[in-house]
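Subject: Structure for your review

Hello,

Below is the structure I said I would pass on. My notes on it follow.

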Amino acid sequence: MTRKLYIVSTTIFWLVVFGLGMTSALWNPAEQGNVQAQGKTITLVELAKHAAPGNCWMAIRGSVYDLSAYLPAHPSLPDIVLPWCGKEATEAYNTKTKGRPHAPYADELLTKYRIGTLAKAP
Amino acid sequence: MTRLRTLSLPILLLLFVGLPVFWAFPEALPFWRTVGVILGWAGAGLLLFNLLLMVREVRIASGLGGLERITAWHHQTGLAAYLLLLLHPLALATAGWVESPELAWQVISPFSENWPVWLGWGGLICLMLGLAATFMHHLAYGTWRWLHGLLGLGVLAGFVHVLQLGISAGGLFALVAAVLLLLWRLLRVDLGIAAMPYIVTSVRSVAQSMVEVSLKPLAIPINAAPGQFVLTAFFKGPSYQGCGEFHPFTISDIGLEHELRIGVKALGDCTRRMQRLEPGVSARVHGPFGEFLKALPSRPQLWVAGGIGITPFLGFLRQQAVKNPTTLIYIYRGEQDAAYLDELTALSKACPELSLLAEATGTGLPNLQQLLPAANALANHECYVCGPPGLIEAVSRVLLDRGVPVERIHFEHFDFR
């Protein structure tokens with residue numbers, strides 16, 4: 001009985017994971033309500049207005065990103081990421097766990113959420 | 001079993017699962033993300049509980065209702081933890097799916113170059129492989145035990161995964177607790193620190209592929225009762241080299257000087273080697289464990305033994321005569337496998353309350369409909385069954401069909417894989 005349960009659950013798990021990977025690979029970004037890069041310049045004051053979990057912008061390396069949709073999927077606890085909403089977060093982004101920067105994969109992921117450029121300080 | 005002992009395992013289970021879930025219960029997270037986090041912590045709590053059930057300490061085992069019961073819980077909670085941890089990443093992916101399938105995949109993708117995700121996958125795959133090996137009963141015990149160790153590695157990887165996610169307090173506590181429990185098991189049980197030193201004084205053949213080994217204590221003897229079992233490992237002798245693995249053996253007799261006698265049947269590589277045991281071989285004995293014939297109620301008894309399953313009954317009868325009318329049905333394959341039959345016959349002749357029915361049944365399953373007493377003859381009986389799992393299952397089924405309440409059917413598997 002337990003053996004059967006193990007085999008069935010493991011098989012279903014891999015089918016779902018494989019299915020998810022395939023769906024993601026075949027997904028057409030044009031249908032996503034694209035939030036690709038725009039040329040808008042955003043000031044620190046405007047950035048600070050978006051500091052809530054459901055409305056979270058962050059400035060990283062000179063660009064501004066709307067991470068509201070991504071936050072629920074971020075691996076770390078909300079306590080670690082949420083305080084950076086509405087702020088310039090380059091340092092935090094570059095020094096995550098034990099001072100290591102995020103992986104190139106994260107940089108690539110970030111570009112999908114870019115909404116503008118951070119205005120230079122006067 | 002007392003009420004407290006019966007409730008001990010469910011209470012501990014609630015604590016081990018409830019406390020981490022309560023501590024880590026997320027606030028203001030989307031529904032599926034909340035489900036994913038709860039599944040992760042419930043699985044982690046179950047894994048820690050599972051590690052506790054792996055610690056074979058005499059007092060703990062007795063307090064929790066015996067090693068047989070603990071092992072059954074170990075198997076069930078281990079699988080339950082695995083199922084919850086399979087669902088954990090899928091629930092997190094579902095949270096991402098609300099945004100887009102691409103994001104759902106990004107959450108769990110092992111190609112994400114992200115240590116927390118890699119460790120999560122590493123832990124899950126170790127659990128997967130370790131569990132797969134657990135179900136391979138045909139593997140040699142030594143190989144099986146090493147592969148089973150993958151489960152411990154999976155647990156550690158899982159808790160480092162929690163640490164990497166930035167959950168430092170919970171992750172660190174769980175990791176330290178897991179390391180301590182694994183070390184406890186490794187040092188006290190597998191390396192035998194909890195066991196006492198004994199030496200083999202005699203070995204005699206009692207049936208084909210079965211010997212009875214006498215052991216003399218070299219230090220403080222263990223406080224055992226016949227019918228209980230001990231975990232015993234054999235090491236070096238004058239011309240014998242044991243495999244050093246701890247295996248369970250039922251105590252068939254206890255002498256005045258606390259010498260133990262145990263029945264050893266060749267069931268695998270290591271026990272096959274034990275058939276060549278000789279006086280002077282050093283041994284370590286851990287225990288005693290087992291509740292099988294510990295508290296016999298004052299009512300008629302039916303004892304059913306299959307093969308080496310006769311040992312606990314023989315151990316009991318060697319120490320005391322039965323006080324209630326008792327029928328002992330002893331099933332074995334052929335005459336050459338009928339261990340202790342002469343002695344049992346003599347014991348039954350000397351004890352008017354004991355009737356012995358011994359039957360050679362060949363290699364197939366015996367005709368239990370015919371062998372077991374009819375329903376009216378079983379009224380008010382307490383039934384004890386010991387033997388191979390298939391026989392226990394078949395006997396229990398017939399007894400239930402004949403109206404014996406489930407709480408009056410007792411059995412011991414002696415299978416701790």
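Strands β3(A) and β4 (residues 63–66) of chain A pair in the antiparallel sense, over 4 bridges. Pairing here requires that DSSP finds at least two bridges between the two strands. Strands are DSSP runs of E with at least two residues, helices are runs of H or I with at least four, and both are numbered from the N terminus. Within this pair, M58(A) stands opposite Y65(A) in β4(A). The hairpin of β3(A) and β4(A) has 2 residues between the strands, and R61(A) takes a positive phi near 50° there.

This is a predicted model, in which local features need pLDDT of at least 70 and side-chain atom pairs count only at pLDDT 80 or more, while totals for chains, interfaces and linings use all residues. Residues are numbered from 1 along each chain as its sequence is written, and chains are lettered from A and ligands numbered from 1 in the order in which they are written.

Chain A

Strand β2 (residues 51–52) of chain A pairs with β3(A) in the antiparallel sense over 2 bridges, with A51(A) opposite C56(A). A hairpin of 2 residues joins β2(A) to β3(A). Strand β5 (residues 87–88) of chain A runs parallel to β3(A) and is joined to it by 2 bridges; here M58(A) stands opposite K87(A).

Of the 6 residues of β3(A) (residues 55–60), 5 are buried, so the strand is largely enclosed by the rest of the structure. A residue is buried if 20 or more other C-beta atoms lie within 10 Å of its own, exposed if 12 or fewer, and partly exposed in between, with C-beta atoms placed from the backbone. Over chain A, buried residues make up 19% of the 122 residues.

Chain A has 5 helices and 6 strands, in the sequence pattern α-β-α-β-β-β-α-β-α-α-β. Among its contacts with a separation of 6 or more, 71% are between residues 24 or more positions apart. Two residues are in contact if their C-beta atoms, placed from the backbone, lie within 7 Å.

Interface

29 residues of chain A are in contact with 33 residues of chain B. On the chain A side, the elements giving two or more residues are α1 (2–26), α3 (78–81) and α5 (104–111). The largest share, 12 residues, comes from α1(A). By class, this side has 19 nonpolar, 9 polar and 1 charged residues. Ala, Val, Leu, Ile, Met, Phe, Trp, Tyr, Cys and Pro count as nonpolar, Asp, Glu, Lys and Arg as charged, and the others, Gly among them, as polar.

Chain B

The domain assignment, which is automatic or from a database, gives chain B domain 1 (3–190), domain 2 (196–289) and domain 3 (301–412). The centres of domain 1 and domain 3 of chain B, taken over C-alpha atoms, are separated by 40 Å.

In chain B, 6 strands close into a barrel in the order β1-β2-β5-β4-β3-β6, with antiparallel pairing. Within it, strand β3 (residues 229–234) of chain B is joined to β4 (residues 247–254) of chain B by 4 bridges, and L231(B) stands opposite P248(B).

16 of the 22 residues of α2(B) are buried, so this helix is largely enclosed by the rest of the structure.

Regards
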